[in-house]
Amino acid sequence: MKAESTTLAAVEVVTLHSIRAQNNLPVSRKNKLLNPHQLLWTNRGSGHKKAHPVVFDISQQADNAFEVTVSSSKTLAGHYTLEAYADGGEVLFAGKVTDDNTFVAKSIKTPDEFATLRNHSLHWQLTADKQETIPLGTTWIEIFWIDTTHVPPALHQKGVILEGLHMIAEASKAITTFPYDENTKLLRANAQPIYYYVNQVFNFLPPRYDVWSGAPYFTNSYDKNSITLNYNAYTYAHNYQPNSILNCYDTATVLQYYLIGAGYPTAWLFMQPFGYLRLTNLIGRGQCNNPFYAANNTPPVIAVNDSRRTAFGNHAFINITNIARVADGCAGPHQGTETAQQYVSSAVDNQYPNPPRVRPGTVGDITSYLGLKYVNRMSSAYTINDLPHLEAFKKLLKYKEIKTLRNDKSGIAGKFPEPAECPLLHGKWKTSYEEVIPGSEEVLKIWMLNDGDQLITIKLHVISGSKELAHNRFLAIGATTQGVEPSYEAGPENLGEYSAVSVNKHYPLLLVMQDNMVLHIASSDPSVDLGGLAKWCFQQMTRSHVADISSHLPAVHLHYSSLQPKKGDRFYVSLSSGENSRLDFELEEGNGLRLISEEDTVLVFDTVKAGKQVLKVLVIDKDTLMVNTQTLTIDIQE
């Protein structure tokens, strides 16, 4: 007997009151952490509305379960079994009733890979030896089953991003809706699953390919074994910025993020040189064999031997390592059915101008990296040796190596002005997006400004560590593009310690380094005076120059609970001073702590595994974006 959804609010004998998940993962929704222990559904607060989302990790041994509370006019304990079944009648969760008010229904049927609950519907009932059934009603709970086996340890430290799960689920809904019906089973038997995720990236427009400079906009990929993805900015650009652009480093990293979320082992591949692109579809640009056509005012499809034809100096894509197949969501697309050799033969043109701008790449030019490590998290540029155009960029700027950088403590410690207030923008540009991305020695702030559909993207890197990190960041941005040659040339001499402007002026880029700050600006409107905007911003900071930035870091006055908690206890960290500061943290290795609640001045963790756990606590000044840290070692007892 199936429960009817209309019985939720009024069951004569037994009334369903609340539902809570057990052994579920924390979820981040709209950049806000949802406490995994909160009630998912209540008969007063939820009714027929969709409950809070639930993420279960199918790679862990703990039982996925729901704790359910009811009220009853009769004795239930020892007589009934609680069941939750999906549309179609398959029971997914069940448990013996041992208490009259609170029951636990454990998972009895679980998918073995990424899946979402069909129609988000669970129908609840009590049964007694199949002789009697008491319907409790229907709830709408968004359930995701994920496999975290191949997830980098730091990737989900602020919760699994719900918007990312939605993208994975939307891409693969034909084969990942659980329980599987006959049509789904048929599709799964013949599916090429990677196809779904590649298409999700390739068809997620805008952003479109940067046909002017080939620069990245949503990744920090200077260290290809520790790439950061600014996923919030990426999805915002898609939803609200029709003139946003990206390159293959961005698409490869987003694709890797989705594949990891779907449970695939992956590697981030970098091919240098790549060569001339065989005629194919370029993301958001249509048919193309001349990827930087906008830079030299040529058509996207050009004669193969035309001397004006442009080429990729390098290119990034993904290897699905368990099947040794590659996927490319930037050009093609290539949907995970080819070996590396087949991919190169298909993607790299063997017809090209004479002499070529760059030789054709081969399989031997492909290097494999770990790739994605962080989402919405800054990782400083500690080493920058392996960058496409590093030496050429230094030469263009007449860059001078300074051996004493690490000892230079001077810098800027003040609040950066709001770019939209610059008089050169004439009040026409409005700030539509702001985000602060934390890191232990470097904090990034992103602004997106709009005048209608026109877009200015501003990224400000504020370094609290060694000034060497500021130089490294500046050089990493300037040296990292897909072109055969650097996309930048020397900027105005009176702007910053060093500055660079894009060679192409149709979608101009500006890069400035001043002391411990690096400013990167891109504009879809070439009439904007980017140099004037940057100069105005730094002029407002003149009085904020200090001799020793370390004396201007935010104070670290922490209170925390016992450093020897028992497994299962909560661990608390709070900030006792600094009204203008906020807490953050880094957990590089181990999984003994799991964040469950986050406010500006309080962090709360579950202790989930015995052993020592190193927790780096970050204190960030909301105005200056300076960051200070304290490292705690927590010895979790069994």
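Predicted model: local features only at pLDDT ≥ 70, side-chain atom pairs only at ≥ 80, totals over all residues.
**View A. The largest pocket and the strands that line it.** This pocket has a volume of about 990 Å³, and its lining is made up of 36 residues, among which Leu-25, Pro-26, Asn-591, Arg-594 and Val-608 lie nearest the centre. Two or more lining residues come from each of strand 1 (14-22), strand 2 (24-25), strand 42 (593-598) and strand 43 (602-607). Sorted by class, the lining of the largest pocket holds 14 nonpolar and 15 polar residues, together with seven charged ones.

**View B. The second largest pocket and its lining.** The space in this pocket comes to about 550 Å³, and 26 residues line it, with Asn-31, Lys-158, Arg-582, Asp-584 and Glu-598 lying nearest its centre. At least two lining residues are supplied by each of strand 4 (32-34), strand 31 (430-437) and strand 41 (581-586), and the largest share, four residues, is that of strand 31. The lining of the second largest pocket divides by class into eleven charged, nine nonpolar and six polar residues.

**View C. Helix 1 packed with helix 3.** Two packed helices are described by the angle between their axes and the distance between the axes. For helix 1 (residues 162-176) and helix 3 (residues 194-202), the angle is about 145° and the axes are 9 Å apart, and the crossing of helix 1 with helix 3 is right-handed. On the side of helix 1, the residues that take part in the contact are Met-167, Ile-168, Ala-171, Ser-172, Ala-174, Ile-175 and Thr-176, and they meet Tyr-196, Tyr-197 and Gln-200 of helix 3. Seven of the residues in this contact are nonpolar and three are polar, while no charged residues are found there.

**View D. A salt bridge between Arg-309 and Asp-349.** The model contains 31 salt bridges by count, and one of them joins the side chains of Arg-309 and Asp-349, with a distance of 2.9 Å from N to O. The two partners are 40 residues apart, and the pair links distant parts of the chain: Arg-309 sits in the loop between strand 23 (286-288) and strand 24 (315-320), whereas Asp-349 sits in the loop between helix 6 (340-347) and strand 28 (366-369).

Technical notes
Residues numbered from 1 in each chain as written. Heavy atoms only, no water. 1 Å grid on protein atoms, 1.4 Å probe; cavity = no way out; pocket = protein on both sides within 12 Å on 5 of 7 lines; lining within 4 Å. Points joined across faces, edges and corners; volume = space filled by probe spheres on them. Nonpolar A, V, L, I, M, F, W, Y, C, P; charged D, E, K, R; others polar. Axes fitted to C-alpha atoms, helices over the stretch in contact; angles between N-to-C directions. Left-handed = near helix turned anticlockwise from the far one by under 90°. Contact = heavy atoms within 4.5 Å. Salt bridge = Lys/Arg side-chain N within 4 Å of Asp/Glu carboxyl O.
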